[in-house]
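Please look through the sequence and the model shown here before reading on. The report that follows takes up a few places in the fold, one after another.

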Amino acid sequence: MAVEAALSEEAIKQSLEQFLVVLSVSLSVATLSRIFSWLRNIPYTLLLVIVGLGLAFVNVRLVNLSPELILEIFLPPLLFEAAWNIRWRELKQNILPVAIFATLGVIISVVGVALPISQFTGLSLPIALLLGASLAATDPVSVVALFRELGAGKRLTVLMEGESLLNDGVAVVAFVLLVGIPLGIQEFSIPATLAQFTTFVGIGVGVGCLVGFGISYLTQRFDYPLVEQSLTLVSAYGTYLMVEELGGSGVIGVVTVGLILGNFGSRIGMNPRTRLIVSEFWEFLTFFVNSIVFLLIGDQINFLSLGGNLDVIGIAIASLLFTRAIVIFGLGTLSNLFQPTKIRWSEMTVLWWGGLRGGVSIALALSVPILLEGRQAIIDGVFGVVLFTLLVQGLTTRFFLEKLDLIGDQPQRQQYSEALARRTALNRVLKYLDGVQLSAEIDPDFYRYQKGLVKIEVRTIEEEINQLQQENPQLRALDLEQLSEELLDIEADTYAEFIRAGRLDRNLSPVLSEVLNKATEKVIDEIKLD
């Protein structure tokens with residue numbers, strides 16, 4: 001018994017040391033990539049993969065996790081953060097193309113990658129299907145960041161983020177359905193697969209809604225930022241584990257609860273400061289998880305097998321680009337037939353080229369059961385495709401945006417938004433100074449001096465705002481959007497106040513939403529015509 005206890009303690013110590021090495025290396029590389037200017041143009045995820053490769057080359061293996069643990073640890077935060085940050089109102093306006101890309105698009109991607117690989121390499125069709133399912137999930141984190149930096153249209157960003165969010169869930173469900181085939185524990189049949197898929201999605205959405213709305217109403221009863229932050233973390237991991245135990249898709253459950261808490265719960269149950277704290281927490285957690293995932297994929301690579309699977313990598317890259325073109329241009333044209341706002345060909349081109357693969361694909365590849373004969377080929381194939389998308393597509397997306405004239409006026413919009421925010425803040429300071437009672441401790445001359453300084457600053461900012469409006473008339477649309485957001489926030493906060501006071505037992509549907517949206521769109525269209 002003493003020997004077993006000693007061995008157990010040694011194993012725990014070794015695991016902790018490995019975890020600390022992973023933590024230190026991943027965060028150090030990610031941080032250095034932000035500090036040195038010559039590294040900023042390279043995605044930090046690519047640097048992590050290279051470092052992982054270097055460690056593997058010298059035969060330093062960081063950590064060995066079971067396939068089940070990889071999914072349970074890495075997927076929930078990646079999916080929850082994406083769902084938390086996407087705005088439902090914007091997603092709803094583009095739900096048709098996003099839904100088509102994320103459902104039919106995943107099927108086309110899986111089959112379109114699997115068939116050529118099984119035909120032209122030595123991999124069997126079941127293994128090729130697993131590889132196709134791993135690569136069906138898009139992860140355009142760096143591309144979306146580039147969109148925001150350069151000022152690409154909001155719709156382009158929503159389409160890219162929305163597709164990534166939904167197709168992650170569908171791709172993971174497809175992976176789970178297919179992983180049992182090469183293991184010989186299940187057979188593929190369309191009716192059985194559809195029934196199982198419906199069950200997976202139904203349980204995931206149902207439990208996700210219960211947890212999401214339950215926590216939304218719970219957070220209305222108190223105002224403790226750290227507790228509310230902790231509840232979002234518990235909801236992400238708890239929903240995943242609960243849904244998996246019930247036989248559903250934990251991924252769908254996490255996406256559902258993230259959408260509800262990000263668009264409903266954070267509005268009715270959290271004040272603005274708490275929402276900011278929670279958002280920053282999830283931003284860091286996703287950065288942290290992505291850092292570990294990309295380091296691990298490099299660490300898991302076997303150079304000998306990688307050289308032996310170059311044909312798999314090459315065919316996977318070519319097939320993925322071809323099927324991505326079919327999905328975006330074919331299904332995008334189809335969706336244009338049924339919605340008033342069309343996706344332009346220039347936007348489709350960027351959506352096609354910007355469909356990077358990343359954290360979710362890697363997590364799925366690493367989660368392939370160790371006993372499966374083609375596991376290393378799947379890992380090598382995913383690694384090669386992810387490396388290509390990061391190194392080639394990720395670094396050339398800026399070129400496409402510039403050549404297709406999709407770069408907007410983001411610097412001016414950012415400057416204008418900051419000026420509006422400063423004016424609002426200073427006006428609130430003036431309002432406070434107007435209402436404050438002078439006490440014996442406050443010198444009247446000092447009080448008047450401070451108030452005069454604030455007034456001068458307000459006039460300076462107003463002059464800056466007027467100049468920006470004259471030089472960029474389209475910026476007036478930001479005033480309308482900001483006003484609409486403020487009015488909707490006031491309405492939601494009022495309902496939340498009534499619920500906390502016990503005068504309502506449920507949240508009311510927003511009355512102003514549709515009216516404000518239509519009015520804002522009408523005025524923005526008039527501004528564009530001018």
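## A glutamate and its surroundings

Leaving out residues up to four places away in sequence, Glu228 touches Thr219, Phe222, Asp223, Gly269, Met270 and Thr274. The model in which these contacts are found is a predicted one. Glu228 belongs to helix α10, which covers residues 225-245, and it counts as buried because its relative accessibility is 0%, where the limit for that class is under 20%.

## The protein as a whole

The protein contains 21 helices and 0 strands. Of its 530 residues, 47% count as buried.

## The nonpolar cores

The largest nonpolar core is made up of 95 residues, and those with the most contacts inside it are Phe80, Leu135, Leu351, Ile378 and Val382. Apart from this core lies another one, of 12 residues, which include Leu420, Leu433, Val458 and Ile461.

What does Leu351 contact, once its neighbours within four places in sequence are left aside? Leu351 is then in contact with Phe101, Leu156, Leu159, Met160, Arg324, Ile328 and Ile343.

## Helices α15 and α17

Two packed helices are described by the angle between their axes and by the distance between the axes. For helix α15 (residues 345-353) and helix α17 (residues 375-403), the axes come within 9 Å and cross at roughly 165°. This angle is over 145 degrees, and α15 and α17 are therefore roughly antiparallel to each other. The crossing of these two helices, α15 and α17, is left-handed.

On the side of α15, the residues that take part in the meeting are Thr349, Val350, Trp352 and Trp353, while α17 contributes Val392, Gln393, Thr396, Thr397, Phe400 and Leu401.

## A glycine in helix α14

Gly330 has its place in helix α14, which runs over residues 310-336. Is Gly330 buried, partly exposed or exposed? With a relative accessible area of 38%, Gly330 is partly exposed, because this value falls between the limits of 20% and 50%. Gly330 and Phe101 are 229 residues apart in sequence, while in space their C-alpha atoms are 9.9 Å apart. Phe101 is also one of the residues in contact with Leu351.

How values were computed:
Residues are numbered from 1 along each chain as its sequence is written. This is a predicted model: local features need pLDDT of at least 70, side-chain atom pairs count only at pLDDT 80 or more; totals for chains, interfaces and linings use all residues. Side-chain values use heavy atoms; hydrogens and water are left out. Helices (H or I, at least four residues) and strands (E, at least two) are DSSP runs, numbered from the N terminus. Buried means under 20% relative accessible area, exposed over 50%, partly exposed in between (1.4 Å probe, protein chains only). Axes are lines fitted to C-alpha atoms, for helices over the stretch in contact, and angles run from 0 to 180 degrees between N-to-C directions. Angles under 35 degrees count as roughly parallel, over 145 as roughly antiparallel, 65 to 115 as roughly perpendicular and the rest as oblique. A crossing is left-handed if the near helix is turned anticlockwise from the far one by less than a right angle, and right-handed if clockwise. Contact means heavy atoms within 4.5 Å. A nonpolar core is a set of buried Ala, Val, Leu, Ile, Met, Phe, Trp, Tyr and Cys residues joined through side-chain atoms within 4.5 Å.
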